[in-house]
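Q: I would like to learn how to read a structure such as this one, feature by feature. Where do we begin?

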Amino acid sequence: MSCLCQVVSADEVDRKRVRQPGTGNLSRISAEAACTCEQAGRAAEAAGLQGRFWEMHDMLYENRTAWSEAVDVRPIFEDYARQLGLDLEQFKRDKSSNVVETRINQDHRRGRSMRVKGTPALYLNGVEIPYAQMRTIDDLRRVVNKALNL
């Protein structure tokens with residue numbers, strides 16, 4: 001889960017093409033930020049344990065201005081969990097669980113191993129796409145289509 005303060009919207013990236021780098025497909029890798037974004041990552045991962053990762057991800061992204069500078073994001077994220085119909089008590093437990101911690105740590109390690117410097121970080125055929133080439137979905141489509149010889 002990336003720092004949603006800066007990430008490209010999930011709607012802008014065809015989720016069917018999000019794969020691991022080196023597979024020849026578009027990929028998104030990111031690292032947690034040591035801010036409210038870390039809590040957002042935990043919220044998305046906890047929602048994912050109930051099968052609602054992308055729904056929470058999208059809700060967090062769409063509402064990022066509402067929570068990104070909040071002193072305490074817990075009630076905000078718990079409200080999102082309720083709106084998504086999650087088991088709230090399970091969601092609260094999962095946010096601080098070893099499973100979520102492991103997923104976040106794995107994302108950190110994967111990002112570091114790929115020398116990811118920040119978010120958004122997109123890769124095509126194992127090569128990072130500079131942010132300037134993906135500012136809009138049309139820019140990103142051009143880069144992908146060029147790589148696919150379309």
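Q: What pattern does the protein follow, read along the sequence?
A: The model is predicted, and what follows should be read with that in mind. Along the sequence the pattern is β-α-α-α-α-α-α-β-β-α. That corresponds to 7 helices and 3 strands.

Q: What percentage of the residues in the protein is buried?
A: A residue counts as buried when its relative accessible area is under 20%. By that rule, buried residues make up 41% of the 150 residues here.

Q: Among contacts between residues at least 6 apart in sequence, what share joins residues at least 24 apart?
A: The share is 63%, taken over contacts between residues at least 6 apart in sequence.

Q: Which residues of H4 and H5 meet?
A: From H4 they are Arg74, Phe77, Glu78, Ala81 and Arg82; from H5 they are Leu88, Phe91, Lys92 and Lys95.

Q: How do the axes of H2 and H4 cross?
A: Helix H2 spans residues 53–62. The axes of H2 and H4 cross at roughly 130 degrees and come within 10 Å. H2 is therefore oblique to H4, and H2 passes H4 in a right-handed crossing. Met56, Met59 and Leu60 of H2 make the contact with Phe77, Tyr80, Ala81 and Gln83 of H4.

Q: What are the angle and the axis separation for H1 and H6?
A: Helix H1 (residues 36–48) and helix H6 (residues 98–113) pack at about 120 degrees, with 10 Å between their axes. H1 and H6 are therefore oblique to each other. H1 passes H6 in a right-handed crossing. On the H1 side the contact involves Gly41, Arg42, Glu45 and Ala46; on the H6 side it involves Val100, Glu101, Arg103, Ile104 and Asp107.

Q: Turning to side chains, how many aromatic pairs does the structure hold?
A: For a ring pair, one looks at the distance between centres and the angle between planes. The structure holds 3 aromatic pairs. One of them joins Phe53 and Trp54, with 5.1 Å centre to centre and 85 degrees between the planes. Planes over 60 degrees apart count as edge-to-face, and the Phe53 and Trp54 pair is of that kind. Trp54 is partly exposed, at a relative accessible area of 28%.

Q: Is Phe77 buried or exposed, and how is the pair of Phe77 and Tyr80 arranged?
A: Phe77 counts as buried because its relative accessibility is 1%. Tyr80 is buried too, at 6% relative accessible area. The rings of Phe77 and Tyr80 are tilted, at 35 degrees between the planes and 6.1 Å centre to centre. Both residues lie in H4, 3 residues apart, which is about one turn of the helix. Together with Trp67, Phe77 and Tyr80 form one aromatic cluster.

Q: Where does the charged end of Arg64 sit?
A: The charged end of Arg64 sits over the ring of Tyr61, at 4.1 Å from the ring centre.

Q: Is Lys95 buried or exposed, and which residues does Lys95 touch?
A: Lys95, found in helix H5, counts as buried because its relative accessibility is 8%. Not counting residues up to four places away in sequence, Lys95 touches Arg42, Ala43, Ala46, Arg74, Glu78 and Val100. Lys95 and Gln39 are 56 residues apart in sequence, yet 8.1 Å apart in space, C-alpha to C-alpha.

Q: Where is the place of Arg52, and which residues is Arg52 in contact with?
A: Arg52 is in the loop between H1 and H2. At 27% relative accessibility, Arg52 counts as partly exposed. Leaving aside neighbours within four places in sequence, Arg52 is in contact with Ala47, Leu84 and Leu86.

Notes: Residues numbered from 1 in each chain as written. Predicted model: local features only at pLDDT ≥ 70, side-chain atom pairs only at ≥ 80, totals over all residues. Heavy atoms only, no water. Phe/Tyr/Trp six-rings, centres within 6.5 Å; stacked < 30°, edge-to-face > 60°. Buried < 20%, exposed > 50% of the residue type's maximum accessible area, 1.4 Å probe, protein only. Helix = DSSP H or I, 4+ residues; strand = E, 2+ residues; numbered from the N terminus. Lys NZ or Arg CZ within 6 Å of the ring centre and 35° of its normal. Contact = heavy atoms within 4.5 Å. Axes fitted to C-alpha atoms, helices over the stretch in contact; angles between N-to-C directions. Parallel < 35°, antiparallel > 145°, perpendicular 65-115°, else oblique. Left-handed = near helix turned anticlockwise from the far one by under 90°.
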